[in-house]
Amino acid sequence: MQQALKPFVTAVDHVGVAVADLDEALTFYTETFGLEATHIEVNDEQGVREAMLHAPGDHGGAAVQLLAPLAPDSTIAKFLDRQGPGLQQLAYRVTDVEAAAQALRDKGLRMLYPQARRGTADSRVNFVHPKDAGGVLVELVEPAGGAH
């Protein structure tokens, strides 16, 4: 049996955590767990203010992404209303998000977008529908300038 993403996945990129207040969550994660904020931005297209946090000295490794809603009708706001704060997604770093998404479509999985959209730090992203991934929202991330 061929593994659809084996040629594309290079790492677990991050886990996404939905939070109501980004500044409060940043303080908690940095002061409690010692993580370092390595990137903070507003992503209007995704409707979030977000931060990427890494373990000290491991800025290329897997991250914790904090996601706070920009508006009450954003996807993250709806997630918070439905489920409260907590784990929202698991993201895999891929070399080619379009090819990876097509490989999953070929296996019958639904993607949320017909084509990749802009993600954190100008990455390109798409998502596997949670109903096709055991209830987990799986994100495919192709970093800007290619996968690391």
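Let's start with helix α1, which spans residues 22-33: its 12 residues reach 16 Å from the first C-alpha to the last, close to the 16 Å expected at 1.5 Å a residue. (Helices are DSSP runs of H or I with at least four residues, strands are E runs of at least two, both numbered from the N terminus; the expected span is 1.5 Å times one less than the number of residues.) This is a predicted model, in which local features need pLDDT of at least 70 and side-chain atom pairs count only at pLDDT 80 or more, while totals for chains, interfaces and linings use all residues. Residues are numbered from 1 along each chain as its sequence is written, and side-chain values use heavy atoms, without hydrogens and water.

| Side of α1 | Residues |
|---|---|
| Buried | Leu22, Ala25, Leu26, Tyr29 |
| Exposed, turned away from the buried side | Glu24, Glu31 |

Seen down the axis of α1, the buried residues fall within an arc of 105 degrees, so they line one face of the helix; the arc is taken from the directions from the helix axis to the C-beta atoms. These buried residues pack against β1 (9-18), β2 (36-43), β3 (48-54) and β4 (63-69), where contact means heavy atoms within 4.5 Å.

**The ends of α1**

At the start of α1, a side-chain oxygen of Asp21 comes to within 3.0 Å of the backbone nitrogen of Asp23. After α1 comes Gly34, with a positive phi near 75 degrees.

Conventions. Buried means under 20% relative accessible area, exposed over 50%, partly exposed in between (1.4 Å probe, protein chains only). A polar contact is a pair of N or O atoms within 3.5 Å; within protein, one must be able to donate a hydrogen and the other to accept it, and residues adjacent in sequence count only if both atoms are side-chain atoms.
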